[in-house]
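Subject: the two-chain model, over to you

Hi,

Here is the structure I promised to pass on. Have a look at it first, and then read my notes below.

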Amino acid sequence: MPLRRWWDRAQPVTGAPHVRGLGVGTEDWLQVARDVAAAGGVLHALWMSCAAMGDHAVQERIVYGAYLTDTGVLIVELTLPAAATQTYPGLEGIFPAAARMQRAAHDLSGIRSSDPDARPWLNHDRPYEFVRVDGEGVHEIAVGPVHAGTIEPGHFRFSVVGEKVLKLEERLGYTHKGLEQRFTALPILQGHRLAARVSGDSAVAYSWAYCQALEGMSGRAIPPRAAWLRAVCLELERLANHLGDLGALGNDVGFAFGLTQFSRLKEDLLRAMAAVFGERYLFDIIVPGGVAIDVSAAAAGALADVVRAVCTETEELRDIYDEHEGVRDRFTGAGRLEPERAARLGVIGLVGRASGQARDVRVDLPDAPYTELPVAMVVEHDGDVASRVAVRFGEVRESGRLLTSLLSALPDGMHAVEVGVPADGAFGVGLIEGWRGPVLVALQAGPSGSIRRCHPHDPSWQNWPALEYAIMGNIVPDFPLINKSFNLSYSGVDL
Amino acid sequence: MSAIDWITQVLEVVAAVAAAPALLGWLNQCRAWLQNRRAPSLWLPYRNLHKLFRKEAVIAENASPLFRIAPYVVFGTMGLAAGIIPSMGTQLPLVGSADAIALVGLFAAARMFMTLAAMDVGTAFGTMGARREMMVGFLAEPALLMVIFVASQISSSTALPVITEHLASGRLGLSPGLAFSAVAFILVLLAENARIPVDNPATHLELTMIHEAMVLEYSARHLALMEWAAQLKLFNYICIGFALFFPWGVATAHIGPVGLVVAIPALAIKLAVAGAGLAVIETLSAKLRVMRIPEFLGTAFLLAVLGLLVHVLLGT
């Protein structure tokens, strides 16, 4: 059955025009996945809801799959019978990215998929076997979870011959902190604060996605001014992160000049953000019903000036990066993720766009204000570090353009409205294109303003496995550069 | 050998050991300025050494005695090397016992102890660093020897003070053969001292390190000695460069000990200029892919051979 038929059978989700929910049985679970894959869609998220989670006794155990398709987001619900030993059909064969999500869901709920890899993912108490590579001269290099720099913890196991990497296996989950459980202890109107902290560099994307889900459930539309200001925050976040990454990428090839210049530009931007919003990284600015702080015309003008100055200087630095022979030599051809492989792995977001995967929620499924301000998507096709750098430069330019337009045409009106408590059992979905890629928050309300279940989903889930492929055949000392060019979240997937 | 020669000898070693951290501090200052950063203090390397010497040393349980003695051997070797490089005066009592080839051998001995110590504990990073260090070393050593041969062809001696004397007494300006070797020497200097574009002394990324990966297991006084030895090595290399290519200001035999009055400030000025020059090179370049280091050092060797050929063909 083609995807269109499933889509037509699915139920609209209240307040989320791009999202539909579809309840299926075990027999259709795989068929939907196959049809989504055939129609060019990707699996975005997979999570479980069951009695073991939260204080609210949920009788059924439900597996959720969220697919990004051309027509919208399709949420598929597979309700499992109560029998304890039951497994559900695994999706790894259709969407390779499903493997880790299923393993994580198993660790959190105790329910396994039928896929062969039964190793734990988040649970570090159970034994873990790395895949061994045999052969003459092959040896392993174990890196992490504690690194020499101040970065998040993750373990990387390289199998190498000389300097050449044959295989990389990632082991994450070191920052597992029980976020989903923590959500269930919060009032639903306060959950956006925790959402902003799932992955701190995407605070705006997560809190907006959370608020979008909540507002959809409550049936409360936010005023245009609030939507505009949220978009301002989102683009500022994108700009700040891209500037930081571009500097760090320069530093990783020993070009410290790039780091100092981009750090300065990022700092200029963060200070301007702090002056307007009172926060350097925009935590708790997006609140249910709108934004916490209104922006005066003068402040908007001042912010726009800083953005313009930063973007102008970034163009100059882009010329330096492009023309520096040593930098170009290191970027070009390193960590190549071919478009075919990216498509097979379902890579999304910035990394996907650098490998020819033209997906951007702001373009494909736009909400206000992006419906009125079309975004020009930046797509590259080489899939190497140079492409990921080019996408970042392109998006800095585009975000700068968007910010200038947004800030010069802020609609009048209120910047926030009251949002009521949604009904028990209401279900909402928020999907926002953060700087790293689409961030999804699935939210289910419990009785009297509590949270029954909240699943925040980071695009890093899809993209971490792709990094293992991108490094293959490269040399060991190029890994930090390639890893930085992906710049994936640890906290966002460790939950 | 007069008493004044011995004083010169001791002065050279003490000055090198004492001034080496300042040279690194100066280099880091210049780098910071060129990157539009506020520079750290010139004395930061001294404070760092002071801090390290006061700390308690932590040594891996399975470390052999070699791991403990290597820092002393490496530091001692670099100190000894400072004694046979005519950085201030050419009338050095120690010179009779070691020429430029022995100097290359001294550096090789230090490298051997360092790489063995790096592999001693058995961590992946130490071994990786040692492996890369040996790759750099076996390519850099012949290039350095070639550079020295060009200079020794001109002055008919492999003893550095004799070469220096000869060049200092000759005309100002480099012969074409020496000009080629000077470029080759700069490439070798960058590679041997773990500077950009070959290695990045400021990186925190273990997988990309060469020199830093080898000393990862060291702490406290051992690390201090290793770092001090690395600073001394840089100092020595720059002084070798002066001895071979820019010997002006050095107290030669016919000037006598009075020359030291000129030699000391001359050395300071030359070091300051060389440090600033290195900072410019490091700021302008990015780090090479490890696999391109052989090309880099191959170029150095080729230039040195060209220098030799030019010298032989043009005659003196």
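Some housekeeping before that. This is a predicted model, so local features need pLDDT of at least 70 and side-chain atom pairs count only at pLDDT 80 or more, while totals for chains, interfaces and linings use all residues. Residues are numbered from 1 along each chain as its sequence is written, and chains are lettered from A and ligands numbered from 1 in the order in which they are written.

Chain B

Chain B has 11 helices and zero strands. Helices (H or I, at least four residues) and strands (E, at least two) are DSSP runs, numbered from the N terminus. The C-alpha trace of chain B spans about 55 × 45 × 40 Å along its principal axes.

Of the 316 residues in chain B, 51% count as buried. Buried means that 20 or more other C-beta atoms lie within 10 Å of a residue's own; exposed means 12 or fewer, partly exposed is in between, and the C-beta atoms are placed from the backbone. Take B:L80, found in helix α3 (residues 65-84) of chain B: this residue has 18 other C-beta atoms within 10 Å, so it is partly exposed. B:L80 and B:V147 are 67 residues apart in sequence and 21 Å apart in space, C-alpha to C-alpha.

Contacts need their C-beta atoms, placed from the backbone, to lie within 7 Å. Among those in chain B between residues at least 6 apart in sequence, 81% join residues at least 24 apart.

Where the chains meet, and the core

The contact takes 23 residues from chain A and 21 residues from chain B. On the chain B side there are 10 nonpolar, seven polar and four charged residues. Here Ala, Val, Leu, Ile, Met, Phe, Trp, Tyr, Cys and Pro count as nonpolar, Asp, Glu, Lys and Arg as charged, and the others, Gly among them, as polar.

The largest nonpolar core has 258 residues, and those with the most contacts inside it are A:A209, A:V441, B:A143 and B:V188. Helix α9 (residues 220-245) of chain B gives the most to this core, with 17 residues. Such a core is a set of buried Ala, Val, Leu, Ile, Met, Phe, Trp, Tyr and Cys residues joined through C-beta atoms within 7 Å. Leaving out residues up to four places away in sequence, B:V188 touches B:A140, B:A143, B:L144, B:V147 and B:A300.

Sheets and hairpins in chain A

Five strands of chain A make an open sheet in the order β1-β2-β5-β4-β3, with mixed pairing. The edge strands are β1 (11-13) and β3 (42-49), each pairing on one side only. To pair, two strands need at least two bridges between them in DSSP. Strand β2 (residues 16-24) and strand β5 (residues 73-80) of chain A are parallel, over six bridges, and A:V24 has A:L78 as its bridge partner in β5(A).

Another open sheet of chain A has three strands in the order β6-β7-β8, with antiparallel pairing. Its edge strands are β6 (139-143) and β8 (164-171). Five bridges link β6(A) to strand β7 (residues 155-161), and A:I141 is partnered by A:F158 in β7(A).

Then look at strand β12 (residues 438-445) of chain A. Eight of its eight residues are buried, so the strand is largely enclosed by the rest of the structure. A:P438, A:L440, A:A442 and A:Q444 point one way, and A:V439, A:V441, A:L443 and A:A445 the other way. One of these, A:V441, is also among the residues with the most contacts in the core.

Strand β11 (residues 427-433) of chain A runs antiparallel to β12(A), joined by seven bridges. The two form a hairpin with four residues between them, where A:G437 in the turn has a positive phi of about 155°. Strand β13 (residues 451-457) of chain A is also antiparallel to β12(A), with six bridges, and A:L443 stands opposite A:C454 there. That hairpin has five residues between the strands, and A:S448 takes a positive phi near 45°.

Cheers

Terms used. Two residues are in contact if their C-beta atoms, placed from the backbone, lie within 7 Å.
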